[in-house]
Amino acid sequence: MAATKRGEARPVALVTGASAGLGAVFAERLAAHGHDLVLVARDKARLTVLAETLEVDHGAASEVLAVDLSHATGRERAAERVARGVDYLVNNAGFGTVGEFARLPPQKEIDQVELNVVTLARLTRAALPPMLERKRGRIVNVASMAGLAPGPYTATYSATKAFVISLSESVAEEARATGVRVMALCPGFTRTEFQSRANMRIGHVPALAWMSAEAVVDSALAAIERGEIVHIPGALNRLTREGMRLVPRGLTARFVGAASRKFTE
Ligand SMILES: NC(=O)c1ccc[n+]([C@@H]2O[C@H](COP(=O)([O-])OP(=O)(O)OC[C@H]3O[C@@H](n4cnc5c(N)ncnc54)[C@H](OP(=O)(O)O)[C@@H]3O)[C@@H](O)[C@H]2O)c1
């Protein structure tokens, strides 16, 4: 990604879920590369602190948009801002639930689909027309390794991330040769607040399985510039992906189910 030259208008990046984890790192890296930011999440205080840091560290101007993206009102406010034109969109806000699907609270599953699927699709749809008009733009849709296989005990989460991968692949093809790039990012275990928010027990996950949010984001930002459409950061995650390709999907479901059940125990 080329840094902005002195005197040029700074391009604008909108990052959802910018108050923590991967989103905060995306915002920091994009600011360092010369973008102004639109920071979106629910926690206004955290977004405001981040905005101040980005200004001091990188001279970036930030708009703070404190909205709940699981609900239509917040989603439409964000979509309206995106439709006014952004150069870079990172659809990152998301959460997961773990447990037996039949026993999980229904409203949380619905909120998850609203955030991980409906909002991501809505903002992608809002971003594309002005990007296509200008023949440039980048959309990073944060999926997950979980979207590559069936996910017993993370059923809704895995299904939402499968949607993100499929939508991104399709839209990337539609936008091929337009100057606009769309990429699904599929991280594996990444040290953020994600697991604690999902009440996941993670003691059994080996240390070498984890990546830092910084490593994931740097890998993603480089991958979209290379033209990757589905990016899996980390050699071990890519190896796991290759292993999955060799195993029938039903058997993968067994393996994943046996491993993911431990998140709940
Ligand atoms: N960490 C991992 O191991 C991992 C692996 C694969 C994929 N991912 C994906 O990476 C993305 C980022 O997650 P993370 O790991 O960085 O988790 P995180 O540290 O928990 O951050 C999640 C972000 O999403 C925002 N968010 C959550 N619910 C929201 C809502 N209703 N409206 C607006 N914003 C909301 C949160 O901000 P507020 O609470 O302030 O709203 C926060 O900024 C997610 O899509 C996740 O599925 C994570």
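**Notes on this predicted model**

1. Let's start at A207, which lies in the loop between α6 and β8 (211-212). Helices (H or I, at least four residues) and strands (E, at least two) are DSSP runs, counted from the N terminus. A207 is exposed, because its relative accessible area is 63% (over 50% is exposed, under 20% buried, and in between partly exposed, with a 1.4 Å probe and protein chains only). From A207 to E173, the C-alpha atoms are separated by 37 Å, although the two residues are 34 apart along the chain.

2. A word on how to read this: the model is predicted, so local features need pLDDT of at least 70 and side-chain atom pairs pLDDT 80 or more, while totals for chains, interfaces and linings use all residues. Residues are numbered from 1 along each chain as its sequence is written, and side-chain values use heavy atoms, leaving out hydrogens and water.

3. Now look at the ligand.

4. A polar backbone atom of G17 is 3.0 Å from an oxygen atom of the ligand, and a nitrogen atom of the ligand is 2.8 Å from a polar backbone atom of L69. For E193, a backbone N or O atom lies 3.0 Å from a ligand oxygen. On its own the ligand has 890 Å² of accessible area, and the protein covers 96% of that (areas by the Shrake-Rupley method with a 1.4 Å probe; for residues, only the protein chains shown count as cover).

5. Next, salt bridges: the count comes to 16 (a Lys or Arg side-chain nitrogen within 4 Å of an Asp or Glu carboxyl oxygen). In one of them R134 pairs with D87, with 3.4 Å between the closest N and O atoms. This pair links distant parts of the chain, 47 residues apart: R134 is in helix α4 (residues 106-134), and D87 is in the loop between α3 and β4 (88-91). Is each partner buried or exposed, or in between? R134 is partly exposed, because its relative accessible area is 34%, whereas D87, at 14%, is buried.

6. E80 pairs with R84, and their closest N and O atoms are 3.2 Å apart; E80 is partly exposed at 45% relative accessibility, while R84 is exposed at 55%. E173, the residue from point 1, forms a salt bridge with R176 at 3.0 Å between the closest N and O atoms. E173 counts as partly exposed at 45%, and R176 as exposed at 57%. There is also a network of salt bridges linking E28, R29 and D218.

7. Finally, visit L239 in helix α8 (residues 235-246). L239 is exposed, because its relative accessible area is 59%.

Definitions and conventions: Polar contact = N/O pair within 3.5 Å; in protein donor to acceptor, adjacent residues only side chain to side chain.
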